[in-house]
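Biologist: Please take a close look at one part of this model, the salt bridges, and describe the surroundings of each pair that you pick.

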Amino acid sequence: MCELFIKADARLWESTTRSLRIDGMVTSVRLENFFWSKLEEIARRDGMNVVQLITRLHHESIDAGHDLGNFTSFLRVCCARYLDLQLAGDIPADVNRPISELDAPVILGRERQKYH
């Protein structure tokens with residue numbers, strides 16, 4: 001079983017730091033390459049680039065009152081949830097289908113039932 005994880009391409013867990021500008025402030029985000037690739041996929045689905053997606057997630061997190069003390073962990077969890085919601089069938093595997101067109105309240109309701 002572990003061979004699937006141990007013998008994976010080591011570049012997936014190598015970290016890359018990217019500098020980006022959010023509200024005029026330059027910040028650096030360090031993530032494993034696997035997570036960068038998932039963020040790129042998520043962004044493309046709605047016609048954005050990664051910087052636009054991260055900026056939007058940052059703004060909406062602030063608006064929702066989230067503690068952004070560990071924003072990088074939040075981004076990792078976003079990627080994991082994206083994959084989990086795809087496996088559950090709540091996010092279509094078809095990457096040409098925008099996430100913004102999905103019924104978020106219904107999906108969140110099903111997810112809450114799953115974890116509570």
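**Salt bridges and their surroundings**

Modeller: Glu41 and Lys38 are about one helical turn apart, because three residues separate them in helix α2 (residues 33–45); helices here are DSSP runs of H or I with at least four residues, strands runs of E with at least two, numbered from the N terminus. The model is predicted, so local features need pLDDT of at least 70 and side-chain atom pairs count only at pLDDT 80 or more, while totals for chains, interfaces and linings use all residues. Numbering runs from 1 along each chain as its sequence is written, and side-chain values use heavy atoms, leaving out hydrogens and water.

Glu41 and Lys38 form a salt bridge, with 3.2 Å between the closest N and O atoms; the term requires a side-chain nitrogen of Lys or Arg within 4 Å of a carboxyl oxygen of Asp or Glu. Both Glu41 and Lys38 are buried (under 20% relative accessible area; exposed is over 50%, partly exposed in between; 1.4 Å probe, protein chains only). Over the whole structure, the search returns ten salt bridges.

Another of these pairs is Asp84 with Lys114, where the closest N and O atoms are 3.0 Å apart. This pair links distant parts of the chain: Asp84 belongs to helix α4 (residues 71–87) and Lys114 to helix α5 (residues 104–115), 30 residues apart. Asp84 is partly exposed at 21% relative accessibility, and Lys114 is partly exposed at 48%.

Helix α5 also supplies Arg110, whose partner Asp90 lies in the loop between α4 and α5, so this pair ties together parts that are 20 residues apart in sequence. Between the side chains of Asp90 and Arg110 the N to O distance is 2.6 Å. Asp90 is buried, with a relative accessibility of 12%, whereas Arg110 is partly exposed at 42%.

UniProt, in an unreviewed entry, places the feature "domain: Ribbon-helix-helix" at residues 16–83; its positions follow the numbering used here, feature names are shortened, and annotations may be inferred rather than shown by experiment. That stretch, residues 16–83, is 59% helix and 22% strand, and its end C-alpha atoms lie 21 Å apart.

Cys78 is in no disulfide, its nearest cysteine sulfur being that of Cys79 at 6.9 Å. The two sulfurs are too far from each other for a bond. Cys78 is buried at 17% relative accessibility, and Cys79 is buried at 0%.

Key
Disulfide = S-S within 2.5 Å.
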